[in-house]
Amino acid sequence: MLETKQLKDFLEDQSNLIVDLNISLGNMRRLMIEKYDFEDQIKKYGFFKHHIYQLKFISIIQLSKLFSSKKNEERSFYKLCNKLETSEYGLTLRSLMEDNKNKLTEEVKSKSDIVSLVAEVRILINTHKELISRVVSLRDQVYAHIDNSPRTQSVSLDEMKVLVELANKIHNLIRFRIFFWQTMFDHVRDWSIDPILWQMSELKKIDLEELRKKKGFISE
């Protein structure tokens, strides 16, 4: 029996993965531009090169968890669609749909509505089938299990952005149609690397000022 609590738990776990993706994508994109003084020098530190690798690692792993059709992916859209389409619905989910019949909003009101929702989700996923396949291959052959002769293509930052935005859209579509709730995934400012780069830029200015003083370029 599929109950509303199971669905809410599933979607909450998915939401955490997608927040992770939006943070990683945002910071990767930020590291590709120069905004403050001395950023070019600062980002030559090994830490930042490693951090970019970590961000891409996280993105490829989490995107695979969401979009892979493998049965062992416990929080994938594929598994969620199968649950919604093939499960017998429990009392709480049936009651939710019954209550929705009195609303003029877009919440699902029957199992046929849910089946239609699943079909919509599958169309969205299939639109990017080739890109998803490359991401999953990259996870399997490079990031999760090192293959000495990987047969996969690379995935660009712009392509990862496409799939992150797709994950945002699909998750919120399902959550909205079932529970009339959405998550603002782009509100991840608290995790931005921008303030760190600004602080390092300011410290670099102070260091250079102190160096000039020591060398006698500026009189006290």
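Over the ring of which residue does the charged end of Lys111 sit? The ring belongs to Tyr89, and the charged end of Lys111 is 4.7 Å from its centre. A word before the close-ups: this is a predicted model, where local features need pLDDT of at least 70, side-chain atom pairs count only at pLDDT 80 or more, and totals for chains, interfaces and linings use all residues. Residues are numbered from 1 along each chain as its sequence is written, and side-chain values use heavy atoms, with hydrogens and water left out.

**View 1. Charges over the rings of Tyr89 and Phe10.** Besides Lys111 over Tyr89, look for Arg75, whose charged end sits over the ring of Phe10 at 4.6 Å from the centre. A charge sits over a ring if NZ of Lys or CZ of Arg is within 6 Å of the ring centre and within 35 degrees of the ring normal.

**View 2. Ser76 in the loop between α3 and α4 (77–86).** Helices here are DSSP runs (H or I, at least four residues), numbered from the N terminus. Ser76 counts as buried because its relative accessibility is 0%; buried means under 20% relative accessible area, exposed over 50%, and partly exposed in between, with a 1.4 Å probe and protein chains only. The side chain of Ser76 reaches the backbone nitrogen of Lys79 at 2.9 Å, and a polar atom of that side chain lies 3.5 Å from the backbone oxygen of Glu73. Setting aside residues up to four places away in sequence, Ser76 touches Phe10, Gln14, Lys65, Leu66 and Ser68 (contact means heavy atoms within 4.5 Å).

**View 3. Lys43 in the loop between α2 (39–42) and α3 (46–67).** Lys43 has 15% relative accessibility, so it counts as buried. A polar atom of the Lys43 side chain lies 2.5 Å from the backbone oxygen of Ile33. Beyond its neighbours within four places in sequence, Lys43 is in contact with several residues, including Arg30, Glu34, Phe48 and Leu197.

**View 4. Asn22 in helix α1.** Asn22 is buried because its relative accessible area is 10%. Its side chain joins that of Asn168 through a polar contact of 2.9 Å (a pair of N or O atoms within 3.5 Å; within protein, one must be able to donate a hydrogen and the other to accept it, and residues adjacent in sequence count only if both atoms are side-chain atoms). Apart from residues up to four places away in sequence, Asn22 touches Val164, Asn168, Phe185 and Val188.

**View 5. Aromatic pairs involving Phe47, Phe48, Tyr53 and Phe57.** The whole structure holds 4 aromatic pairs; rings of Phe, Tyr and Trp (its six-membered ring) pair if their centres lie within 6.5 Å, with planes under 30 degrees apart counted as stacked, over 60 as edge-to-face and the rest as tilted. Phe47 and Phe48 are edge-to-face, with 5.1 Å centre to centre and 85° between the planes. Phe47 is exposed at 53% relative accessible area, whereas Phe48 is buried at 2%. Tyr53 and Phe57 form a tilted pair, 6.4 Å centre to centre with 35° between the planes. These two residues are separated by about one helical turn because they are 4 residues apart in helix α3.
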